[in-house]
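Welcome! Take a look at it, and then read on.

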Amino acid sequence: MSFSMQAARQAVAYAAHSLGFSGVGIAPADAAQGDHLQRWLQEGQHADMEWMERHLPARLDPQLVLPGVRSVIMLTYEYARTDAHNAGGAIARYAQGEDYHKLLAEKLADLSETLGFYGGTQRYFTDSGPVSERFFAARAGLGWIGRNGLLVREHGGSYCFLACILTTLELPYDAPVANRCGNCHRCEQACPTAALHNGCCDARRCLSYWTIEAKSPTPEHIRQAQGERLYGCDACQEACPWNRRGPHTPTDLHLLMPAELCSLSPEAMSKLTDDEFGQLFAASPIRRIGREHLRRNALAPQLCSIPPATDKKNSANHEQK
């Protein structure tokens, strides 16, 4: 490894931490991914997210995304570890503040420019491109894939966004770390719909899928488990012991829930007009599901034959992006 590539790695790591990223790891772009993703798709566990099938070749071969790519730089960025308990309904922690796509895109652009000084050509994404981010994050030594299918870190657990930079530079690589889930199955046991098994999440059962991605009407048994969740589900993350260990990097204030959203009840959200919805969620990732989908989620408890849940601890959230 040349001196210039060592310097490039040090420069991007320094710049990443100065921009607020909590972790940086580098993996070889040609690392073998195995057949885990193909089997998951073949079994139909992606529900109707057909774009995952369409982009499978690129996910398995980063050369199709950036010809000449040699390294995948993976980064973690913390979001709030505590729920906004005064919120009227359960909103995923990762979605309680501003849209992370826009927030991180500007930072990734800065890092790409830094790499350009060393002769690299880059493409970068945060949950927005055909890259197996969790696989490469684990391969880059940032953590391991837990039984909930998320990247879990010894210091910080799973409450983080993942971002990646594909680069033509051949940077020094990091070694993977051991899976430390052991005999713990708390995430699987905590899942309200039994969607987790063997490190996979079956989207057909997942509350995050039904409250965010699904276009078809929500089945009765899913609505009963949904309770007051408006956007996502954090049950598996809340149950994970590794999430009791906080990271060293503080949460970006842009990712905290604004006061006007905290004060709205699910009933009030179900009555928002198009203009009110657009104004309230202008900078939020919730905007992408549209007013009607949010209204459907807010009305779910009223459509069930069982009383709505009152325990706010199972607040809403993420799935690592």
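## Starting from one residue

Gln122 is found in strand S4, which covers residues 122-125. Please keep in mind that this is a predicted model.

**Around Gln122**

- Gln122 has a relative accessible area of 14%, and because buried means under 20%, Gln122 counts as buried.
- The side chains of Gln122 and Thr167 are joined by a polar contact of 2.8 Å.
- A polar atom of the Gln122 side chain also lies 3.3 Å from the backbone oxygen of Gly120.
- Leaving aside neighbours within four places in sequence, Gln122 is in contact with Leu66, Ser112, Leu115, Gly116, Ile165, Leu166 and Thr167.

**Overall fold and dimensions**

- The protein has 14 helices and ten strands.
- Its radius of gyration is 20 Å, close to the 20 Å that the globule rule gives for 321 residues, so the protein is as compact as a globular protein of that length.
- Along the principal axes, the C-alpha atoms fill a box of roughly 65 × 40 × 35 Å.
- Among contacts with a separation of 6 or more, 79% are between residues 24 or more positions apart.

**Burial, surface and charge**

- Of the 321 residues, 55% count as buried.
- The accessible surface comes to about 14500 Å², and carbon and sulfur atoms make up 52% of that surface.
- The protein has 32 positive and 35 negative charges, and their mean positions are 4 Å apart.

How values were computed: Residues are numbered from 1 along each chain as its sequence is written. This is a predicted model: local features need pLDDT of at least 70, side-chain atom pairs count only at pLDDT 80 or more; totals for chains, interfaces and linings use all residues. Side-chain values use heavy atoms; hydrogens and water are left out. Helices (H or I, at least four residues) and strands (E, at least two) are DSSP runs, numbered from the N terminus. The radius of gyration is taken over C-alpha atoms; the globule rule is 2.2 Å times the number of residues to the power 0.38. Buried means under 20% relative accessible area, exposed over 50%, partly exposed in between (1.4 Å probe, protein chains only). Contact means heavy atoms within 4.5 Å. Accessible areas come from the Shrake-Rupley method with a 1.4 Å probe; for residues, only the protein chains shown count as cover. Lys and Arg count as positive and Asp and Glu as negative; His and the chain ends are not counted. The place of a charge is taken as NZ of Lys, CZ of Arg, CG of Asp or CD of Glu. A polar contact is a pair of N or O atoms within 3.5 Å; within protein, one must be able to donate a hydrogen and the other to accept it, and residues adjacent in sequence count only if both atoms are side-chain atoms.
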